[in-house]
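The tour below goes from one selection to the next and says what is found at each stop.

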Amino acid sequence: MTELLKDPVLLAVVMGATLPFLAMAVILIFTRHNPRLSSFISIGAVTVSVCAALYLLYKLHGAGRPVQYQTEWLSSDTLVVPFGYLLDPLSLLMLAIVACISFLVQVYSIGYMAGDTGYSRYYAFQSLFAWAMMNMVIAPGMLQLFIFWELVGLASYLLIGFYYDKESASQAGKKAFVMTRLGDLGFFLGLIVLTLGFGNLGILDLNEAARTHQISQLLMTVSALLIFGGVIGKSAQFPLLTWLPDAMEGPTPVSALLHSATMVAAGVYMFSRIFPLFAASPDAMAMALAIGTATMLLSSTMAMVTYDIKQVWAYSTISQLGFMVMALAAGGYFAGVFHLTTHAGFKALLFLCSGIFIHEYHSNDMRLIGKGGGRRLVIPMACMTVGALALSGLPPFSGFFSKEAILGVLAAHPNKLWLAAGLLGALMTAYYSFRLIFFILFPRGGIETPHGHSQGHEHEAHAGGHGGLIFWAMAVPVMILATLTLFLGFFQSSIEHFLTGNAGRLAAAAHGAAQEAGKAAHDGHGAGHYVLLVFAVCMALGGLGWAWVEFGRKKAAQVGFLGRFPRMWDLFAERWYLDRLYRQFLDRGIYAGITSLFTRNDRRVIDGGIDGLCFFTVTGGRLFSFLQSGMLQYNLLVMIGGVGVVVLLFLV
């Protein structure tokens, strides 16, 4: 305790990372029936976390080397498992992002969740989520990271299924939980392989060993491929990407929290955290690049056909996570982390703006919001347009800088197919983003079929009022995020120096390709990249103009070119039939195959064996019971018969 009070850095990290857990416990035990006090406790705790994170960022930004507070949780001659805190540029940046986004979302929720019957429970789950996520990003060892990784999954399950009495929300929570666990199984197996093969799960030790090739190539490749399963599950990469759009069943602030800097970004963060290990395995990097690209393209097509405002941004999140994985897999450590940073701001902005529209019009359908007069809500409309411009990668918004860094990395890759895919993704991103904007800004005609889940529990619960303090509680956070989105990109050089100036350079130097790509990203928009810069902006403007022609101009039919290709529309709307494929696999492969086989084995072999043994016992008992009737004459007769048989045997 004395050491804790003497060291302000340790005190800050302990308080910042612990208070949200205490807030959750206090709310669940003592203040469940006092909603207002519960929200104050939760917001007060996360406010301390924000202050602590910013203090640590300021105090340690020039530390020169990582600061660790750790103890050996488990140790033997061949195994070391640390437990404590790791404060390096990456963890400090993520800690600040998570704390700030959690704070803004909780303040916003004062308005959005007002009147909800589960108000206190909501803030308890928010505190649990913030605690788990912050402790995950400052974990010094992979096992500790995995433990809090799972707690983040638990908190996400509780928040996604917050309206547990609603069937679709309950199913969405279970789907998210099960699909992410599939990826986590690979993650856990990867840790076991590392434990057996290397014997040290400390992150800095692991990265140093990978950089200096102290780990065999086979072990690095196998462990990296298995651990990447966790990235696939948590960050909704192909083929485990369909749970994320369904996770929109939770309250909209939850969506903003999950999609901006926390749960779904955890996979990308973990990739960055042990980047040298991945970078040392060309096979793992190649697979990650292919999966990131497929994810980015597939989810972009899905976003082009949905009318649900939250699902558009959900598909967009999957697409941008694919972009980040592409950047990291191509060797662009800084580009991937920088896009994670900018994306946190403008994606939270987009979801929170959407929440204001949903709160006001009780609908998720962008056409209904447009017809209802969505453009009259000037603040969320303007802020959402800022977010869409950043998402599209147009200057001077933050997304422009981070996307250009990614495209610079892809341009340095020997295979230009990845660059072409990235440019195509930029075109589609601008198209679906402004398709949504134009539907709200310039509503036309009737609506064929209302979509979305506007009849949801959450909207009924908030029908009480939308003005005054409630509106501003929601509007102020989105204005702060819009301001960040406007100016964050101009701090690219500072963030890059912070990330790669010290420990981050270790990651960038881990691999030859990574070095080259890192240099390309560092050069940014140098002479060799101006053509790419202009071309990328033209692609984004092309997508915006395309959306304008089909949805924005005065005589636009607002149908879109995909409306003329029903089969393609259905393919995209049905998520490339991935859910149906999983359903078929479950029904025919699991239930009708493996489950049926085990059921028959249980009934015929196990139950049949036990039944047969019982039958033999009962029947044998009945037969042998004739040997003991209780009659002396009968017993003597049997004995004489037996003696006679023995005598006959000797005589013969």
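**Stop 1: the cysteines**

Select cysteine 51, which is partly exposed, with a relative accessible area of 48%. Bear in mind throughout that this is a predicted model. A disulfide would need the sulfur atoms within 2.5 Å, and the structure holds zero disulfides. Then go to cysteine 538, which is partly exposed at 45% relative accessibility.

**Stop 2: an annotated stretch**

Select residues 73–123. UniProt, in an unreviewed entry, lists them as "domain: NADH-Ubiquinone oxidoreductase (complex I) chain 5 N-terminal". In the model this stretch is 57% helix and 22% strand, with its end C-alpha atoms 31 Å apart.

**Stop 3: a cavity**

The model has five cavities of 30 Å³ or more. What kinds of residue make up the lining of the second largest cavity? Eight are nonpolar, three polar and two charged.

**Stop 4: two histidines with positive phi**

Select histidine 213, in the loop between helix H8 (203–211) and H9. Its phi is positive, about 60°, although the residue is not a glycine. Histidine 213 is exposed, at 53% relative accessibility.

Next select histidine 362, in the loop between helix H16 (333–361) and helix H17 (366–371). Here too phi is positive, at about 55°, and the residue is not a glycine. Histidine 362 is partly exposed, with a relative accessible area of 30%.

**Stop 5: two cis peptide bonds**

Show the backbone from phenylalanine 238 to proline 239: the peptide bond is cis, with omega near 10°. Proline 239 sits in the loop between helix H9 (217–234) and helix H10 (243–246).

Move on to proline 395 and proline 396, which are also joined by a cis peptide bond, with omega about 5°. Proline 396 belongs to the loop between helix H18 (378–392) and helix H19 (398–412).

**Stop 6: glutamine 492**

Finish at helix H23 (residues 492–500), which contains glutamine 492. Is glutamine 492 buried or exposed? At 12% relative accessibility, glutamine 492 counts as buried. Leaving aside residues up to four places away in sequence, glutamine 492 touches Phe334, Phe338, Phe401 and Ala405.

Conventions
Residues are numbered from 1 along each chain as its sequence is written. This is a predicted model: local features need pLDDT of at least 70, side-chain atom pairs count only at pLDDT 80 or more; totals for chains, interfaces and linings use all residues. Side-chain values use heavy atoms; hydrogens and water are left out. Buried means under 20% relative accessible area, exposed over 50%, partly exposed in between (1.4 Å probe, protein chains only). On a 1 Å grid over the protein atoms alone, a cavity is a set of points where a 1.4 Å probe fits but cannot get out, and a pocket is an open set with protein on both sides within 12 Å along at least five of seven lines; lining residues have an atom within 4 Å of a point. Grid points are joined across faces, edges and corners, and a volume is the space filled by probe spheres set on the points. Ala, Val, Leu, Ile, Met, Phe, Trp, Tyr, Cys and Pro count as nonpolar, Asp, Glu, Lys and Arg as charged, and the others, Gly among them, as polar. Helices (H or I, at least four residues) and strands (E, at least two) are DSSP runs, numbered from the N terminus. Contact means heavy atoms within 4.5 Å. UniProt positions are given in the numbering used here, feature names are shortened, and annotations may be inferred rather than shown by experiment.
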